[in-house]
Amino acid sequence: MKRTVKTVITLFTALLIAIPAFAQDANDDIRTINIKGMDNMKFDKTLIEAEPGETIKIVFETVSNMPPQAMSHNIAIVDLGTDTDAFAQASMSARDNEFIAPDYEDQVIFNTPMLGGGESVEMEFTVPETKGDYNFVCTFPGHYMAGMVGVLKVQ
């Protein structure tokens, strides 16, 4: 009986040690994409290639010496078929909603909060299953028009 109890305790202890290792291995499979928003109103990375259904982590940082009221950035990835021009135009006036137009919220598949200089955020999301080119933009007023755009290419 003592031997059985010892065996059970040993197996239980081994299991407790192994579970965090398995959990960490699962997180290691998540690819990280680092993107910066700059004072020149550009993203430092304008193409993200991903597989359908892949989980990716976006690490987004705003690099700026300007006050947030003058220079902040976000990333908003819109669904296929979204009129990106209309979305960006409408979002410029949606200050109370992180510059995401409420009429287009159902067409946004991922977005970061608006970040001022020196701020960063890490967020995970699942890439859509449908292959195609998904536009991403900064919706801070004027940034999309200045060329702060990119593509999530799902292939």
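Two strands pair if DSSP finds at least two bridges between them. Strands (E, at least two residues) and helices (H or I, at least four) are DSSP runs, numbered from the N terminus.

**Figure 1. The three-stranded sheet of the predicted model.** This open sheet has the order E1-E3-E6, and its pairing is mixed. Strand E1 (31-38) and strand E6 (120-126) stand at the edges; each has a single partner strand, so one side of each lacks a neighbour in the sheet. From one strand to the next the twist averages 25°, where axes are lines fitted to C-alpha atoms and angles run from 0 to 180 degrees between N-to-C directions. E1 and strand E3 (residues 55-63) run parallel and are joined by eight bridges. Thr32 stands opposite Lys57 in E3.

**Figure 2. The whole chain and its confidence.** This is a predicted model: local features need pLDDT of at least 70, side-chain atom pairs count only at pLDDT 80 or more, and totals for chains, interfaces and linings use all residues. Residues are numbered from 1 along each chain as its sequence is written, and side-chain values use heavy atoms, with hydrogens and water left out. The pLDDT is the predictor's confidence in each residue, from 0 to 100. Its mean over the protein chain is 89, and 82% of the residues reach 70 or more. Over residues 10-16 the pLDDT is below 50, and beyond near neighbours in sequence this stretch has zero contacts (heavy atoms within 4.5 Å) in the model. The protein chain has two helices and eight strands. Along the sequence they follow the pattern α-β-β-β-β-α-β-β-β-β. Among contacts with a separation of 6 or more, 71% join residues 24 or more positions apart.

**Figure 3. The five-stranded sheet.** Here the strand order is E2-E8-E7-E4-E5, in an open sheet with mixed pairing. Strand E2 (47-50) and strand E5 (108-111) stand at the edges with a single partner strand each, so one side of each is left without a neighbour in the sheet. The twist averages 25° from one strand to the next. E2 and E8 run parallel, joined by four bridges. Ala50 stands opposite Val154 in E8. E7 and E8 pair in the antiparallel sense over six bridges. Gly132 also stands opposite Val154 in E8. Strand E4 (residues 76-78) pairs with strand E7 (residues 132-137) over two bridges, in the antiparallel sense. Ile77 stands opposite Phe136 in E7.

Figure 4. Buried means under 20% relative accessible area, exposed over 50%, and partly exposed in between (1.4 Å probe, protein chains only). Buried residues make up 35% of the 155 residues in the protein chain.

**Figure 5. Ser91 and its surroundings.** Ser91 lies in helix H2 (residues 84-91). Ser91 counts as buried because its relative accessibility is 0%. Its side chain reaches the backbone nitrogen of Ala101 at 3.0 Å. Leaving aside neighbours within four places in sequence, Ser91 is in contact with Phe99, Ile100, Ala101 and Thr139.

Definitions and conventions
Polar contact = N/O pair within 3.5 Å; in protein donor to acceptor, adjacent residues only side chain to side chain.
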